[in-house]
Amino acid sequence: MIAASVIMINRNGGARLFDALRTCRADLEACWREDPCFEMIVVDNGSTDDSLRVIDAELQGAAFPWRCISEPVAGVNFSRNTGLRAARGSLL
């Protein structure tokens with residue numbers, strides 16, 4: 001059962017995205033060992049850089065469930081709403 005969904009939104013995050021994912025993954029994997037009841041959702045908002053490659057490379061093999069979904073309409077609110085709709089957890 002998924003109790004919580006961690007949602008990260010991105011648009012051309014570049015190097016910052018790599019650092020954010022690496023830090024978040026380390027924290028989430030530590031929590032996952034204690035209580036495996038969450039997921040991570042990364043919403044990509046039409047990136048034109050190498051964001052999708054960075055996301056896949058950094059989260060591949062993560063100990064917790066994750067997925068990357070696309071929101072083609074530009075705007076942080078569209079991305080947030082897409083993440084909310086995709087979330088399976090009751091806590092966001």
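Two strands pair if DSSP finds at least two bridges between them. With that idea in hand, let's look at this predicted model. Its chain holds three helices and three strands, and along the sequence they follow the pattern β-α-β-α-β-α. The radius of gyration is 13 Å, close to the 12 Å that the globule rule gives for 92 residues, so the chain is as compact as a globular protein of that length.

**The chain as a whole**

- Along its principal axes, the C-alpha trace spans about 35 × 25 × 15 Å.
- Of the 92 residues, 40% count as buried.
- The accessible surface of the chain comes to about 5300 Å², and carbon and sulfur atoms make up 56% of that area.
- Take the contacts between residues at least 6 apart in sequence: 77% of them join residues at least 24 apart.

**A pair of strands and the path between them**

- Strand S2 covers residues 38-44 and strand S3 covers residues 66-70. These two strands run parallel and are joined by five bridges.
- Within this pairing, Ile41 stands opposite Arg67 in S3.
- To get from S2 to S3, the chain passes through helix H2, residues 51-59. This β-α-β crossover is right-handed.

**A closer look at Ile2**

- You will find Ile2 in the segment before strand S1, which spans residues 4-10.
- Is Ile2 buried, exposed or partly exposed? Its relative accessible area is 22%, so Ile2 is partly exposed, because that class lies between the buried limit of under 20% and the exposed limit of over 50%.
- Leaving aside residues up to four places away in sequence, Ile2 touches Cys37, Phe38, Glu39, Pro65, Arg88, Gly89 and Ser90.
- Ile2 and Gly14 are 12 residues apart along the chain, and their C-alpha atoms are separated by 29 Å.

**A closer look at Arg53**

- Arg53 lies in helix H2, the helix through which the chain crosses from S2 to S3.
- With a relative accessible area of 52%, Arg53 is exposed, because exposed means over 50%.
- Which side chain makes a polar contact with the side chain of Arg53? The partner is the side chain of Asp50, at 2.8 Å.
- From C-alpha to C-alpha, Arg53 and Pro72 are 17 Å apart in space, and 19 residues separate their positions in sequence.

Technical notes:
Residues are numbered from 1 along each chain as its sequence is written. This is a predicted model: local features need pLDDT of at least 70, side-chain atom pairs count only at pLDDT 80 or more; totals for chains, interfaces and linings use all residues. Side-chain values use heavy atoms; hydrogens and water are left out. Helices (H or I, at least four residues) and strands (E, at least two) are DSSP runs, numbered from the N terminus. Buried means under 20% relative accessible area, exposed over 50%, partly exposed in between (1.4 Å probe, protein chains only). Contact means heavy atoms within 4.5 Å. A crossover is right-handed if, with the strands pointing away from the viewer, the path from the first strand over the helix to the second runs clockwise. The radius of gyration is taken over C-alpha atoms; the globule rule is 2.2 Å times the number of residues to the power 0.38. Accessible areas come from the Shrake-Rupley method with a 1.4 Å probe; for residues, only the protein chains shown count as cover. A polar contact is a pair of N or O atoms within 3.5 Å; within protein, one must be able to donate a hydrogen and the other to accept it, and residues adjacent in sequence count only if both atoms are side-chain atoms.
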